[in-house]
Amino acid sequence: MERTKRQKRNGAEVFRITGARMGLAEDVRGRQRRYVISMVVRTLSVIATVLLWNVQRPVAIVTLVAGARLPYVAVVIANAGRESTPSLPSHFVPAPVRPALDAGNLNKSSDQS
């Protein structure tokens with residue numbers, strides 16, 4: 001059972017104790033947040049490339065490559081599917097398996113009585 005603490009808009013604490021997935025709006029909001037953060041890092045990387053081009057060319061090339069790769073990574077992360085459904089307990093409880101007596105155990109038990 002998963003227990004997570006969440007805050008409502010009015011400040012009250014809400015505890016999620018079910019195995020249900022998070023809501024679609026919350027999932028989309030989280031993916032948008034990750035995408036925006038990736039794009040901010042990319043923008044800073046491109047700005048660093050421009051500023052460092054005549055000062056530290058090897059570092060500028062690294063930031064240029066990072067700025068070129070980050071959009072792909074950001075899209076892959078943003079398009080990652082929803083969280084997997086947590087495994088819920090089964091409602092079916094199988095009957096316990098009783099070991100069968102073989103013929104040798106049957107004879108010994110009848111001799112003891």
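Tyr35, Val36, Val40, Leu44, Ile47, Leu51 and Val75 form a nonpolar patch on the surface of this predicted model, with about 630 Å² of accessible area together. A patch here joins nonpolar side chains (Val, Leu, Ile, Met, Phe, Trp, Tyr) within 5 Å, from residues with over 30% relative accessible area and no salt bridge. Accessible areas come from the Shrake-Rupley method with a 1.4 Å probe. Six residues of the patch, its largest share, come from helix H1, and Val36 is found in that helix. Helices are DSSP runs (H or I, at least four residues), numbered from the N terminus.

As for the basis, this is a predicted model in which local features need pLDDT of at least 70 and side-chain atom pairs count only at pLDDT 80 or more, while totals for chains, interfaces and linings use all residues. Residues are numbered from 1 along each chain, and side-chain values use heavy atoms, without hydrogens and water.

I turn now to the helix packing. H1 (residues 24–52) and H2 (residues 57–78) pack at about 165 degrees, their axes 8 Å apart; angles run from 0 to 180 degrees between N-to-C directions. The two helices are therefore roughly antiparallel, a term for angles over 145 degrees. Their contact has 16 nonpolar, five polar and four charged residues.

Finally, which residue forms a salt bridge with Asp27? The partner is Arg31, with the closest N and O atoms 3.0 Å apart; the rule asks for a side-chain nitrogen of Lys or Arg within 4 Å of a carboxyl oxygen of Asp or Glu. Both residues lie in H1, four residues apart.

Key:
Angles under 35 degrees count as roughly parallel, over 145 as roughly antiparallel, 65 to 115 as roughly perpendicular and the rest as oblique. Ala, Val, Leu, Ile, Met, Phe, Trp, Tyr, Cys and Pro count as nonpolar, Asp, Glu, Lys and Arg as charged, and the others, Gly among them, as polar. Patches are made of residues with over 30% relative accessible area and no salt bridge: like charges are joined within 9 Å, nonpolar side chains (Val, Leu, Ile, Met, Phe, Trp, Tyr) within 5 Å.
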